[in-house]
Amino acid sequence: MYKHDTEVPEFILSKRIGILTGGGDAPGLNAVIRAVVLTAEHHYGWEVVGILEGFDGLYHGLPVVQLNEANVRDLLARGGTILGAANRGSPFAHPVPQPDGTVVIEDVSHEALNRMKSLGLDALIVAGGDGTMSIAHKLVAMGAHIVGVPKTIDNDLGNTDVTFGFDTAINTATEALDKLQTTAESHHRVMVLEVMGRDAGWIALHAGVAGGADAILIPEIPFNIEVVCNKIRQIQMSGRNYSLVVVAEGAAPVDGEQQFHIKDDGKGSGRLGGIGHSVGAMLAECVGAEVRVTVLGHVQRGGQPTPGDRWLATRFGSAVLRLVEREQWGYMVALQGTHIVPVTMEQAAQMKFVDPQSDVIEMARDLGIVFG
Ligand code: F6P
């Protein structure tokens, strides 16, 4: 065993590792980069280079950044990603604008592979969500040496108990609820808070419970607005003059559909949003109180990671180098229980949703929270 850097054996001295951050950013990405670089340098004696702007930077041939202890040392508490991220960029579906104004989608995955070769990368670490893991999985099938770190505030990656970024997001959303409660109480209002999470209700559920919400609407449980109206009326009759409703951006009524700001963004997906205001309008009709709506938006993705996310990101970032050492290409580090384990990227890309029958939903219902 080589416990100290003075004992790094000759045979692993020459590795050159690339790292990129894919998809939307999440608090903790910089902590992952830092942990990768410190572990590579101190434990393995490997070199790390940063690929800018996610997979886009790889196949567009953007210059790489030399990473070392000196330039990552202060990254632990910094939000965002120093490498930049390309939300929705994929080498398998690269949009190429044509002279006639149309856009043709091209598969440029071979360019990504060639770039990894020309950079002399022995391995590429990708920190990302389901989109990033799906792309990486396909590149691995073409022969690429890629390993992954699970990232997303949505906490919807499969086969890991939690992703980093989630803790910070629920912290932000809970703080928003705490603040909304005091002003709701002053003005006797119903406060609706729309939170992120795409098709998963994890942020809404966790922040809703932690912030004392009366109703939590999540994509996994289509809602009946009458149930929420009745809950608020009951609260009013009990003498409490305010209530808090958390709505996940992907929530939908039993007889309706999810709402989008943009249904098709031209990159294979849409941008959810708008359900908070719809719920607010419905509640304004059925309860005799003023209703106000807050859409939390990207505040949930920004700012310093919580200590919990710094801890998890550091564990993931350090552990992913063990996958490189063992040449476990196509695997991602995951947290299961208290252990970091390898899972395949294919397993990770299977989304994890809130189970409506789970004990946490039962617990929330037992507390009096309604899900519509
Ligand atoms: O996946 C993370 C996430 O923040 C979702 O919760 C949200 O729906 C989406 O990204 C927003 O994406 P964008 O940054 O492209 O607006």
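## Basis of the description

In this predicted model, local features need pLDDT of at least 70 and side-chain atom pairs count only at pLDDT 80 or more, while totals for chains, interfaces and linings use all residues. Residues are numbered from 1 along each chain as its sequence is written, and side-chain values use heavy atoms, with hydrogens and water left out.

## Packing of α1 and α10

Helix α1 (residues 29-44) packs against helix α10 (residues 307-325) at an angle of about 45 degrees, and their axes are 8 Å apart. Helices are DSSP runs of H or I with at least four residues, strands are runs of E with at least two, and both are numbered from the N terminus. Axes are lines fitted to C-alpha atoms over the stretch in contact, with angles from 0 to 180 degrees between N-to-C directions. The two helices are therefore oblique to each other (angles under 35 degrees count as roughly parallel, over 145 as roughly antiparallel, 65 to 115 as roughly perpendicular and the rest as oblique).

Contact means heavy atoms within 4.5 Å. In α1, the residues A31, V32, A35, V36, T39, A40 and Y44 meet R310, A313, T314, G317, S318, V320, L321, R322 and E325 of α10.

## A buried threonine

T174 belongs to helix α6 (residues 166-187). With a relative accessible area of 13%, T174 is buried (under 20%; exposed is over 50% and partly exposed in between, with a 1.4 Å probe and protein chains only). Apart from neighbours within four places in sequence, T174 is in contact with A207, A210 and G211.

## Two loop residues

E53, in the loop between β2 (47-50) and α2 (54-59), has a positive phi of about 60 degrees although it is not a glycine. E53 is partly exposed at 35% relative accessible area.

R198, in the loop between β8 (189-195) and α7 (202-210), is not a glycine but has a positive phi of about 55 degrees. R198 is partly exposed, with 34% relative accessibility.
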